[in-house]
Amino acid sequence: MTEQESWNKAYLAKFSQNERLYYAIGFLIWPFGLTLEAFRQWERPWSKNAFWLFCIFFGFTFIISKEGGADSDRYAREFVEYAHSGMKLSDLWGLFYVVGSDYTDVVVPLIMFLLSRVTDNPAILFVIFGLVLGYFYSRNAWYVLERVNGKLRGLLLLFFITFLLINPIWNINGFRFSLASMIFLFGTLPYLLEGKKKYLIWSGASVLAHFTFLLPVAILGLYVLLKNRTNIYLIFFLVTAFFREIEMEWFQSTLSFLPPVIFAEIANYMSEGYAQYRREVEETLPWFLTYSVIGMRWAMYLIVLTTMFLGKEVLKERTDLKNLLSFSLLFYGFVNIASLIPSGSRFVNVADTFLVPYFMLFLVALPKIGESMLFRIIMFPLIMLYCVVQLRFGMDFFGIMTLIGNPFTAAFYSDPVPLITQLKDLF
């Protein structure tokens, strides 16, 4: 190595070190502003970690629901109970996967128990939730960014924002399912797009975050066995889209082979009492939320049909795209069936986290698809409505401090008023 090359290497190392220092200071001054800059300079080595830091900060400023109906309120109360109990780790370990104990998930009880040994403050719990969920959230976001090479313009930018909003960081409100979704995506996308089989371990680990991910893992296992049967999966996807009524008894008899502790939990989700509760909740939902979900579903159908029939040549040449589409169709078909039971519809969001990246990659391969009137007139407003509604929903869980504050101001100024309430007070 010449003296000049040695000097250049030393200079670049020092520049990189200084750059990391500058952005660490930027986080301490304005985390949200740093996040915007991180997406603008997504190729920089610090960018994904800057976004991860914001997710942790979001957990710090997260507004825990006090209404008693949200999962965050239940998490907070359970955490305080852990802190004031005399439970030992061995006691907790003995409760996992025991009939009648309700401990069918490992991650959340373990986090709560370990953290409760040092604090009983629920706010710290949500910092840890932001740290854990934010890690997978930031990695999944940057994985998609890298695959599309950061070419975020027009419809592609809208779909990336949609991808971020399908399972956003404020879903730490329902941490168990959201974390399982992120972990499953983290493991499955690299397998489908790059053939990295070792990542399937992460896909299987999603069951530890939420036991219902036995379904996605089983579907993934079926795909690994059958591989690409795109036309068969398409028929399955279309047929199940028109399902309207299946008896709960059929589901219960079909799943009776599962271990008793798992079957008991699933039976609770399919009970008539829980079904009635879900119907009552859905009846109170505002119209825009209902229509945004319907619009998103139709947008996904349009993606499947248009790319399959107008982009056959691309799918022939791109094995990665065909893999992702095939799995998405198979997964969506089973989700269409699962959505007929209470809470089963939440797996639609998991399916969308695969179909949206598929369409983004397809847009990069065949840009003219996005220029068609079909997408401009129909797809654009459907997706826009979904994004606006998701943002509106998120405003129930963060305040203005999340957007303009920093760790120091947030530590000394608690902001318990949701942003949506603050905006309503202005008008």
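**Cavity, helices and salt bridges**

Modeller: The model is predicted. By the rule used here, the count comes to one cavity of 30 Å³ or more.

Colleague: How much space lies in the largest cavity?

Modeller: The residues that line the largest cavity include Tyr137, Phe163 and Thr353. The space in the largest cavity is about 60 Å³.

Colleague: Which helices each supply at least two residues of the lining of the largest cavity?

Modeller: Among the lining residues are Tyr137, Asn140, Ala141, Ser181, Met182 and Leu185. The lining divides into five nonpolar, four polar and no charged residues. The helices that each supply at least two of the lining residues are α7 (122-147) and α9 (175-194).

Colleague: Is Ser328 buried or exposed?

Modeller: Ser328 has its place in helix α18 (residues 319-338). Beyond its neighbours within four places in sequence, Ser328 is in contact with Phe354 and Leu355. The cut-off for buried is under 20% relative accessible area. Ser328 has 1% relative accessibility, so Ser328 counts as buried.

Colleague: What span should helix α3 have, and how far apart are its end C-alpha atoms?

Modeller: Helix α3 (residues 47-61) has 15 residues, and at 1.5 Å a residue the helix should span 21 Å. Among the buried residues of α3 are Phe51, Phe54, Phe57 and Phe58.

Colleague: Why are Glu37 and Arg40 separated by about one helical turn?

Modeller: An α-helix has 3.6 residues a turn, so residues three or four places apart point the same way. Glu37 and Arg40 form a salt bridge, with their closest N and O atoms 2.7 Å apart. Arg40 counts as exposed because its relative accessibility is 60%. Glu37 and Arg40 are three residues apart in helix α2 (residues 31-40), so their separation is about one helical turn.

Colleague: Arg77 and Asp73 also meet in a salt bridge. Is Asp73 buried or exposed?

Modeller: Arg77 and Asp73 lie four residues apart in helix α4 (residues 71-83), and their salt bridge has an N to O distance of 3.0 Å. Arg77 is partly exposed, with a relative accessible area of 44%. Asp73 has 11% relative accessibility, so Asp73 counts as buried.

Colleague: Which residues do salt bridges that share partners join into one network?

Modeller: The structure holds 11 salt bridges. One of them is between the side chains of Glu194 and Lys196, at 3.6 Å from N to O. Salt bridges that share partners make one network of Arg147, Glu194, Lys196, Arg318 and Asp320.

Notes: Residues numbered from 1 in each chain as written. Predicted model: local features only at pLDDT ≥ 70, side-chain atom pairs only at ≥ 80, totals over all residues. Heavy atoms only, no water. Buried < 20%, exposed > 50% of the residue type's maximum accessible area, 1.4 Å probe, protein only. Contact = heavy atoms within 4.5 Å. 1 Å grid on protein atoms, 1.4 Å probe; cavity = no way out; pocket = protein on both sides within 12 Å on 5 of 7 lines; lining within 4 Å. Points joined across faces, edges and corners; volume = space filled by probe spheres on them. Nonpolar A, V, L, I, M, F, W, Y, C, P; charged D, E, K, R; others polar. Expected span 1.5 Å × (residues − 1). Salt bridge = Lys/Arg side-chain N within 4 Å of Asp/Glu carboxyl O.
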